[in-house]
Amino acid sequence: MSTAPMSFNQLSLNPLLLDNLQAMQYSEMTPIQALALPAILAGNDIIAKAKTGSGKTAAFGLGVLNALQGDNYAIQALVICPTRELAEQVANELRRLARLMSNIKILTLCGGSPIAQQSHSLEHGAHIIVGTPGRLVDHLQKQTLKLNQLRFLVLDEADRMLDMGFEEDITRIIAQLPKQRQTLLFSATYLEDIAKISQKIQHNAEFIAVDEVN
Ligand code: ADP
Ligand code: MG
């Protein structure tokens, strides 16, 4: 069996990301990052299961940021989260990770904020959208959100989103996305409903799990 690399430097990541990780004092990959990042960089769809606090945000965040075309202000990645608080946390971590990359724009689209203001921000373009299902559906209906150049879809805390009854909204969002994309599914648990949604929205997904030792 081969061992997963533990240092970010062992991956072919953009040097600006590597320099920033050093500044952030992320000296080693967490286990889920060591397993998921190489698969993401290889272009695979993945289902990644690991408990809360294991570094899942940087696992998908680095994969997405590494593939972004900074000079193209079309939305290239969409991260769907169950709550506004989680979306804000993810957006903040992505901004920290992207700090040395010039002009990467990350917008949050969540309920509870004025939709008109969000629509105005969207007119100026963004590379990554982090949002909650209901508000994303609203923007798609109003045609203020254009996802025709999307290359990455991330479902973060997928198990919680299904528990909260967001499957229909998620399905409606995905119906608008290019078929040719990379779909990354992150979850703290892996039950039948996750396997079922993976079948619908992913292609040859690789299952990656970090077992809890306790
Ligand atoms: P999860 O989504 O799995 O719950 P997070 O992505 O929120 O976990 O990360 C949990 C914490 O670990 C965050 O404070 C984050 O900054 C930190 N972290 C993530 N990756 C690393 C790393 N490689 N080295 C050190 N800290 C990290
Ligand atoms: Mg998380």
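Predicted model: local features only at pLDDT ≥ 70, side-chain atom pairs only at ≥ 80, totals over all residues.
Strands of a sheet pair through backbone hydrogen bonds, in either a parallel or an antiparallel arrangement.

Several of these pairings can be described residue by residue. Strand β2 (residues 77–80) is joined to strand β4 (residues 128–131) by four bridges in the parallel sense. Within this pairing, Ala-77 has Ile-128 of β4 as its bridge partner, and Ile-80 has Gly-131 of β4. Strand β2 is also joined to strand β5 (residues 152–155), again through four bridges and with the two strands running parallel. In that pairing Ile-80 stands opposite Leu-155 of β5.

Burial was examined for β2 and β4. Strand β2 is covered on both faces: Ala-77 and Val-79 lie on one side, Leu-78 and Ile-80 on the other, and all are buried. Strand β4 is also covered on both faces, with Ile-128 and Val-130 buried on one side and Ile-129 and Gly-131 buried on the other.

For α6 and α8 the angle is about 35° and the axes are 9 Å apart. The crossing of α6 and α8 is left-handed. On the α6 side the contact involves Pro-133, Gly-134, Leu-136, Val-137 and Leu-140, which meet Asp-169, Ile-170, Arg-172 and Ile-173 of α8. Classified by residue type, the contact of α6 with α8 contains six nonpolar, one polar and two charged residues.

The shell around ligand 1 includes Tyr-26, Met-29, Thr-30 and Gln-33. Further residues around ligand 1 are Ala-50, Thr-52, Gly-53, Ser-54, Gly-55, Lys-56, Thr-57 and Ala-58. Helix α3 (residues 56–67) supplies the largest share of this shell, three residues. By class, four residues of the shell are nonpolar, seven are polar and one is charged.

Leu-16 lies in helix α1 (residues 15–23). Because Leu-16 has 15 C-beta neighbours inside 10 Å, it counts as partly exposed. When neighbours within four places in sequence are left aside, Leu-16 is in contact with Leu-100 and Met-101. The C-alpha atom of Leu-16 is separated by 9.6 Å from that of Ser-102, a residue 86 positions away along the chain. His-120 belongs to helix α5 (residues 115–123). His-120 has 11 C-beta neighbours inside 10 Å and therefore counts as exposed. Between His-120 and Thr-144 the sequence separation is 24 residues, and the C-alpha atoms are 8.6 Å apart.

Positive phi values were found at two residues that are not glycine, Asn-103 and Glu-157. For Asn-103, phi is about 55°. Asn-103 is located in the loop between α4 (84–97) and β3. With 9 other C-beta atoms within 10 Å, Asn-103 is exposed. For Glu-157, phi is near 50°. Glu-157 is located in the loop between β5 and α7 (158–163). In contrast to the exposed Asn-103, Glu-157 is buried, because 21 other C-beta atoms lie within 10 Å.

Definitions and conventions
Residues numbered from 1 in each chain as written. Chains lettered and ligands numbered in written order. Pairing = 2+ DSSP bridges. Buried ≥ 20, exposed ≤ 12 C-beta atoms within 10 Å, placed from the backbone. Contact = placed C-beta atoms within 7 Å. Axes fitted to C-alpha atoms, helices over the stretch in contact; angles between N-to-C directions. Left-handed = near helix turned anticlockwise from the far one by under 90°. Nonpolar A, V, L, I, M, F, W, Y, C, P; charged D, E, K, R; others polar. Near = placed C-beta within 6 Å.
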